[in-house]
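Let's take a walk through this fold, starting with its strands and ending at the ligand. Here it is.

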Amino acid sequence: MGQKKLIKFAAIKEYENVLEYPQGMPGKWSAFFEQLALGSSPILLENLTIQPKVDSATDNREKQLTLELACGRGEYAVGLARMFPNQNFLGLDIKGNRIWKGASIANKEAINNVAFVRTQIEQVASYFTSDEVSDIWITFPDPQLRLSKAKKRLTHPQFLRLYQTFLKPGGSVHLKTDSPNLYQFTMAVINLFELTLVKQSEDIYKETNMDPRCAIKTYYEGLNIAGSNRIHYIEFKIDKVLPKQKDEMLKEIIAEFEVTETHDAKRERGMNKMAE
Ligand SMILES: C[S@@+](CC[C@H](N)C(=O)[O-])C[C@H]1O[C@@H](n2cnc3c(N)ncnc32)[C@H](O)[C@@H]1O
């Protein structure tokens with residue numbers, strides 16, 4: 001491992017705004033962010049209390065928590081935290097050296113309503129209790145173009161079932177991607193499971209009345225790896241039961257899709273090179 005990466009890994013171990021594989025966090029995020037805002041150090045996770053649930057329709061004391069998945073350097077987590085100082089934001093990614101970037105910016109600018117979790121997205125349901133998260137942003141995830149890897153796409157129903165365990169009723173999933181194939185796949189999931197589609201765009205920057213949140217640009221967005229020169233955006237709800245039997249139907253539907261981008265192995269090699 002390179003020296004720079006080692007330095008970043010060591011740095012995030014000291015940061016209060018980065019948690020690596022934290023244990024016992026469901027229900028405690030509100031208490032965690034209170035301590036972060038107070039500048040407490042160290043924040044002892046075992047001393048945090050589980051907050052009683054409040055009805056957010058009638059009680060606005062609880063700050064909304066938004067999760068950015070595959071956050072990389074955390075441009076959305078940090079950018080949204082700047083835009084909405086009265087809400088809390090959490091970026092989640094497996095790569096500590098990427099998280100270091102967002103966490104360092106937050107520390108430098110004293111943005112104390114954003115934090116990061118280093119873990120695998122497959123574990124995401126173990127970090128939250130039901131209704132703890134208000135919104136999920138999935139920003140430029142790997143499109144996993146090979147059919148055999150479709151289950152790894154972050155909008156596959158297997159992942160949506162995980163998100164459903166902690167997303168508030170009425171909460172949205174926002175996907176921003178440069179991949180026409182991932183966009184088409186996600187639309188197929190939404191249609192098959194009859195989920196509520198709030199917004200779809202095949203070229204978000206061409207939209208009049210674009211949601212200002214969509215203007216935040218990420219590192220991978222700038223790379224234009226898919227070569228489409230268009231940024232796709234979907235906002236949807238996971239507001240239906242997702243029967244597992246339909247996953248087989250999905251397999252058949254997507255087998256018919258034409259893959260218009262270069263092979264993902266090649267794509268991911270390129271990505272890794274560029275991203276380090
Ligand atoms: C293409 S990058 C996008 C990063 C960032 N959102 C951006 O737009 O610049 C995809 C990110 O997903 C993360 N990732 C991929 N699979 C993951 C997994 N199973 N668990 C956690 N993170 C994952 C990678 O580490 C990487 O940072």
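## Strand 5 and its neighbours

Strand 5 and strand 6 run parallel, joined by six bridges. Here helices (H or I, at least four residues) and strands (E, at least two) are DSSP runs, numbered from the N terminus, and strands pair if DSSP finds at least two bridges between them. T139 sits opposite K176 in strand 6. Strand 2 (residues 65–69) also pairs with strand 5, in the parallel sense, over four bridges, and L67 stands opposite I136.

Six of the seven residues of strand 5 are buried (20 or more other C-beta atoms within 10 Å of their own, with C-beta atoms placed from the backbone), so the strand is largely enclosed by the rest of the structure.

A note on the model: it's predicted, so local features need pLDDT of at least 70 and side-chain atom pairs 80 or more, while totals for chains, interfaces and linings use all residues. Residues are numbered from 1 along each chain as its sequence is written.

## Helix 5

The buried residues of helix 5 (residues 157–164) are P157, F159, L160 and Y163. They cover an arc of only 150° around the axis (taken from the directions from the helix axis to the C-beta atoms), which puts them on the same side of the helix. Leaving out residues up to four places away in sequence, Y163 touches I136, V173 and I238 (C-beta atoms within 7 Å).

## Around the ligand

Of the 20 residues around the ligand (C-beta atom within 6 Å of it), A70, G72, F140, T218 and Y220 come nearest. Helix 7 (residues 219–223) gives the most to this shell, with three residues.

Note on methods: Contact = placed C-beta atoms within 7 Å. Buried ≥ 20, exposed ≤ 12 C-beta atoms within 10 Å, placed from the backbone.
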